[in-house]
Amino acid sequence: MYENYKNDISVTWNNDWIREFESPWSIFEKLKYANVATANDIFLLLGPPQVKKSKYGVGKFHRNLITLEGIDDTLVKKILGIELKNILYKN
């Protein structure tokens with residue numbers, strides 16, 4: 001499904017929606033709400049290749065919000081214009 005987007009990914013997002021000390025999960029929830037998406041949609045959109053290719057879907061390992069293992073920093077920066085890990089570790 002997401003392979004069709006390649007370089008033309010468009011999502012509804014505004015960096016002004018991020019508040020000081022906000023968790024990555026809260027940011028994902030706002031992204032989900034603004035784009036009528038599910039958690040799996042977010043991981044398939046922003047996840048690294050091993051998440052996108054998994055036969056078994058997005059597991060608990062990928063949903064770790066401390067390490068953000070299931071999120072590709074480059075894609076987050078490209079699509080949302082934020083450095084999520086910097087926000088996480090700055091707080």
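Is Leu 80 buried or exposed? At 6% relative accessibility, Leu 80 counts as buried. I shall return to this residue after an overview. Please bear in mind throughout that the model under discussion is predicted.

Let me begin with the overall architecture. The protein has five helices and zero strands, so that along the sequence its pattern reads α-α-α-α-α. There are 91 residues in the protein, of which 35% count as buried. As to contacts between residues at least 6 apart in sequence, 48% join residues at least 24 apart.

In soluble globular proteins, nonpolar side chains tend to be buried together. Here, the largest nonpolar core has 18 residues, and the members touching the most other members are Leu 46, Ile 71, Val 76, Leu 80, Ile 82 and Leu 84. Helices α1 (24–35), α2 (39–46) and α4 (73–80) each supply at least two residues of this core.

Leu 80 has its place in helix α4. If neighbours within four places in sequence are left aside, Leu 80 is in contact with Val 11, Trp 13, Asn 15, Leu 31, Leu 46 and Leu 75. Leu 80 and Thr 12 lie 68 residues apart in sequence, yet their C-alpha atoms are 8.9 Å apart in space. Leu 84, for its part, touches Pro 24, Ile 27, Phe 28, Leu 68, Ile 71 and Val 76, again not counting residues up to four places away in sequence.

Several of those partners bring us to helix α1. This helix has 12 residues and reaches 16 Å from its first C-alpha to its last, close to the 16 Å expected at 1.5 Å a residue. Which residues of α1 are buried? They are Pro 24, Ile 27, Phe 28, Leu 31 and Lys 32. Because these residues cover an arc of only 140° around the axis, they are on the same side of α1. Just after the helix, Val 36 takes a positive phi of about 45°.

The next topic is charge pairing. How many salt bridges does the structure hold? There are two. In one, Glu 22 pairs with Lys 30, and the closest N and O atoms are 2.7 Å apart. Glu 22 is buried, with a relative accessible area of 8%, whereas Lys 30 counts as partly exposed at 27% relative accessibility. In the other, Glu 29 pairs with Lys 32, and here the closest N and O atoms are 3.0 Å apart. Because Glu 29 and Lys 32 are three residues apart in helix α1, about one helical turn separates them. Glu 29 is partly exposed, with a relative accessible area of 31%. Lys 32, by contrast, has a relative accessible area of 16% and is therefore buried, the cut-off being under 20%.

Finally, I would draw attention to Asp 72. This residue is found in the loop between α3 (49–52) and α4. The side chain of Asp 72 reaches the backbone nitrogen of Thr 74 at 2.8 Å. Where residues up to four places away in sequence are not counted, Asp 72 touches Leu 46, Gly 47 and Pro 48.

Technical notes: Residues are numbered from 1 along each chain as its sequence is written. This is a predicted model: local features need pLDDT of at least 70, side-chain atom pairs count only at pLDDT 80 or more; totals for chains, interfaces and linings use all residues. Side-chain values use heavy atoms; hydrogens and water are left out. A nonpolar core is a set of buried Ala, Val, Leu, Ile, Met, Phe, Trp, Tyr and Cys residues joined through side-chain atoms within 4.5 Å. Buried means under 20% relative accessible area, exposed over 50%, partly exposed in between (1.4 Å probe, protein chains only). Helices (H or I, at least four residues) and strands (E, at least two) are DSSP runs, numbered from the N terminus. Contact means heavy atoms within 4.5 Å. A polar contact is a pair of N or O atoms within 3.5 Å; within protein, one must be able to donate a hydrogen and the other to accept it, and residues adjacent in sequence count only if both atoms are side-chain atoms. A salt bridge is a side-chain nitrogen of Lys or Arg within 4 Å of a carboxyl oxygen of Asp or Glu. The expected span of a helix is 1.5 Å times one less than its number of residues. The arc is that of the directions from the helix axis to the C-beta atoms.
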